[in-house]
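Dear colleague,

A short account of the findings follows it.

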Amino acid sequence: MLICPEMFLTGYNIGKAISDLPEPANRASARRVAEIARELGIAVLCGYPERSGDEIYNATLFIGRDGQTLANYRKTHLFGPIEKGVFEPAQELMSVDFNGLKVGLLICYDIGFPEAVRTYAVAGINLVAVPTALMKPYESIARSLVPTRAFENQLFVAYANRCGQEGDIEYCGLSCVCGPDGADIARAGSSEELIVAELNLSDRARAKTRFNYINELRPALYKGLTR
């Protein structure tokens with residue numbers, strides 16, 4: 001499974017061009033990614049701007065090894081004026097069963113909301129895949145928050161970030177795959193890099209022998225959380 005960053009097909013900070021480049025989920029760019037997935041026999045998560053009627057979404061396609069679309073997730077929590085001025089926020093989380101692995105999908109800012117990851121954990125998700133475009137000076141999100149989400153929910157988190165300069169934004173890299181114990185399985189630096197990780201699902205069971213946050217939840221105490 002190859003996880004590409006947020007808005008991979010067009011770039012993230014591209015100004016007015018973002019209004020011209022969105023495509024429906026089944027158009028030319030998606031078909032080309034599907035061809036690559038099928039040719040190489042690898043699943044691909046690929047961020048792009050999606051047009052649906054009059055609305056534009058910050059989306060990620062999940063294309064299987066056979067080139068078939070398994071999911072099209074739209075970002076639910078929009079960050080800052082760049083996104084809120086262009087995109088619509090989606091209204092649902094989305095997961096996929098892939099080769100015996102239950103994969104939950106988020107995009108960048110979504111992972112800042114612990115409720116989203118906890119919802120996946122309660123649903124039995126093994127891996128949360130997060131295409132992202134994290135910029136400086138927010139490196140602490142990649143270094144601290146992402147491992148914490150993995151630890152507190154006892155699942156794997158794969159966080160694929162952009163790097164380098166794009167307009168007035170400098171991305172911080174630091175892509176990572178974190179295990180259920182909160183430790184890095186793989187971690188990139190600040191420059192362009194491909195990291196590879198192998199996930200062992202028995203690590204989840206081992207983590208739960210120390211702390212079992214999910215089974216010991218007390219939902220009645222948290223009612224005031226929703227509004």
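Leu-2, Leu-194 and Val-196 make a nonpolar surface patch of about 320 Å². Such patches consist of residues with over 30% relative accessible area and no salt bridge, with like charges joined within 9 Å and nonpolar side chains (Val, Leu, Ile, Met, Phe, Trp, Tyr) within 5 Å; a salt bridge is a side-chain nitrogen of Lys or Arg within 4 Å of a carboxyl oxygen of Asp or Glu. Areas come from the Shrake-Rupley method with a 1.4 Å probe, and for residues only the protein chains shown count as cover.

This is a predicted model, in which local features need pLDDT of at least 70 and side-chain atom pairs count only at pLDDT 80 or more, while totals for chains, interfaces and linings use all residues. Residues are numbered from 1 along each chain as its sequence is written, and side-chain values use heavy atoms, leaving out hydrogens and water.

Val-196 counts as exposed because its relative accessibility is 69% (buried is under 20%, exposed over 50%, partly exposed in between; 1.4 Å probe, protein chains only).

Arg-162, by contrast, counts as buried, at 15% relative accessibility. A polar atom of the Arg-162 side chain lies 3.3 Å from the backbone oxygen of Met-7. Beyond neighbours within four places in sequence, the contacts of Arg-162 (heavy atoms within 4.5 Å) include Pro-5, Phe-8, Tyr-12 and Cys-172.

Lys-84 is exposed, with a relative accessible area of 58%. The C-alpha atoms of Lys-84 and Val-33 are separated by 27 Å, the two residues being 51 apart along the chain.

Key:
A polar contact is a pair of N or O atoms within 3.5 Å; within protein, one must be able to donate a hydrogen and the other to accept it, and residues adjacent in sequence count only if both atoms are side-chain atoms.
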